[in-house]
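Subject: Structure for your review

Dear colleague,

Please find below the sequence and structure that I am handing over to you. My notes on it follow directly after.

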Amino acid sequence: MYNMRKLLIFLCLYLSFFCISAYSAPQEVKYAGFAFVGNFDDIATRFKYTNALNAQKDENGRSVFDRDIQKFIQDNASAMQGINLKIGDESQTKIAMALAMTRENISVVNVDDVFKVVVNLSCNLTFLNFDGMKVVATYPIYLEYIDVRKEAPDEAYKLELIKRLFFADDFSIMKKLKDRIGSIGLKNDAVLNMKVLNVIVEDEAKANLQEYKNDFGVFESIVAQRFSDALSNKLNVSLLPYAKDYLGGRMSLVFSDARVQDFQIPNASYGIDFTLRKLTKELYKEGIGDDAFLYGAYTTVKFYDPDLGRTYWDQKIKFGAVKNVPKLQKTTDDFAIFDEMTGMVMGEVIKKIQDDKQFYKEVVTRCLNK
């Protein structure tokens, strides 16, 4: 009887250890490469400079850009949580990971006697399931860079700038990815997700965004990616790609080897509407050598169930800051300040979410990547 009891205890411990080991085994994921999001025919236009970099080949005929991204990911993959990333190895797994480029935007504005170059780059580190062709998870990465120079930027400068903004050690897409890679992992099936469904820019905000007057859709997409990046980075929640960039909930990826694959984006557990109501500038204090202006950004952010229509969080949030402008300065680069205010008000939104204990517990904790 005693020996039988010892045997049963041993079997229970063995089975428990086996189950725990199986449960904690890392998920095998295959690296699929670098890709562009969108139609193949639009790549050269939408991603002019990144596409040009991607077209540069090494002595083996491989994209140097794609090769360098793969090397970076290979060098840092061990930091990802619960993932055994397979690069260049034969693998039977249906789960793959790709770095997918979603937006490249470069604008040049002549202010007084200088040229201001504004660059917006957006990517998603995307997990895909080739069994069913579905998007499993995305980690958005948004980068904005502003350069001021005496000479008008030529094409060679822009190409080199984009390359630097991907690979520079101090400030780049790869640097942002490296800073976050330790929190990247595949969520379990019980974890819900969020998606920015709508970005609304009202007239009082549009009046101060003249750089986008010909296509406010570009600004809306940038805001969606920027806010998704902030939510993913600061709250570590599961995010799906911005809906308006894809038709019918399908995302088309064009890989470096010219393969084109369509993936289904799942329905969001929680939808997010981000409304930029107005951007303001008011004289705060007049001085002898400079004047102080109060800049402000006003938003409304709503989290809701897209299917049931239930609203979980709906708040108006604003952010303001005083900027000093020298009287001798001919013009003020208001757009750069308004752009800064838009980013700062997103930070205020996240602070409000973190402080709202009930909403955080009811919604945010259910979407945490864990």
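At what angle do helix H4 and helix H6 pack, and how far apart are their axes? Please keep in mind that this is a predicted model. Helix H4 (residues 64-76) and helix H6 (residues 173-180) pack at an angle of about 20°, and their axes are 11 Å apart. Because angles under 35 degrees count as roughly parallel, H4 is roughly parallel to H6. The crossing in which H4 passes H6 is right-handed. On the H4 side, Ile69, Phe72 and Asn76 take part, and they meet Met174, Leu177 and Lys178 in H6.

Helix H8

Helix H8 covers residues 216-235 and has 20 residues. From its first C-alpha to its last it reaches 28 Å, close to the 28 Å expected at 1.5 Å a residue. Of its 20 residues, 16 are buried, and H8 is thus mostly covered. After H8 comes Asn236, which has a positive phi, near 55°.

Gln225 is a residue of H8. Is Gln225 buried or exposed? Gln225 has a relative accessible area of 8%, and because buried means under 20%, Gln225 is buried. Its side chain reaches the backbone oxygen of Cys123 at 3.0 Å. Apart from neighbours within four places in sequence, the contacts of Gln225 are Thr102, Ser122, Cys123, Asn124, Pro140, Ile141 and Tyr142.

Helix H9

Helix H9 (residues 334-355) has 22 residues, which should span 32 Å at 1.5 Å a residue. The C-alpha atoms at its ends are 31 Å apart, so the two values agree. Among the buried residues of H9 are Phe335, Phe338, Asp339, Met341, Val345, Val349 and Ile353.

Gln354 also belongs to H9, but this residue is partly exposed, with a relative accessible area of 33%. Which residues does Gln354 contact beyond its neighbours within four places in sequence? They are Lys234, Leu235 and Tyr360. Gln354 and Lys234 are 120 residues apart in sequence, while their C-alpha atoms are 9.7 Å apart in space.

Two residues in strands

Glu144 lies in strand S5 (residues 134-149). Its side chain makes a polar contact of 3.1 Å with the side chain of Asn120, and a polar contact of 3.4 Å joins it to the side chain of Tyr142. When residues up to four places away in sequence are not counted, Glu144 touches Val118, Val119, Asn120, Phe171, Arg226 and Asp339.

Ser252 is in strand S7 (residues 250-255). With a relative accessible area of 14%, Ser252 is buried. Which side chain makes a polar contact with the side chain of Ser252? The partner is Asp262, at 3.0 Å. Residues up to four places away in sequence aside, Ser252 touches Phe36, Val37, Gly38, Val260, Gln261 and Asp262. Ser252 and Val37 are 215 residues apart along the chain, yet 5.7 Å separates their C-alpha atoms.

Yours sincerely,
A colleague

Terms used: Residues are numbered from 1 along each chain as its sequence is written. This is a predicted model: local features need pLDDT of at least 70, side-chain atom pairs count only at pLDDT 80 or more; totals for chains, interfaces and linings use all residues. Side-chain values use heavy atoms; hydrogens and water are left out. Helices (H or I, at least four residues) and strands (E, at least two) are DSSP runs, numbered from the N terminus. The expected span of a helix is 1.5 Å times one less than its number of residues. Buried means under 20% relative accessible area, exposed over 50%, partly exposed in between (1.4 Å probe, protein chains only). Contact means heavy atoms within 4.5 Å. A polar contact is a pair of N or O atoms within 3.5 Å; within protein, one must be able to donate a hydrogen and the other to accept it, and residues adjacent in sequence count only if both atoms are side-chain atoms. Axes are lines fitted to C-alpha atoms, for helices over the stretch in contact, and angles run from 0 to 180 degrees between N-to-C directions. Angles under 35 degrees count as roughly parallel, over 145 as roughly antiparallel, 65 to 115 as roughly perpendicular and the rest as oblique. A crossing is left-handed if the near helix is turned anticlockwise from the far one by less than a right angle, and right-handed if clockwise.
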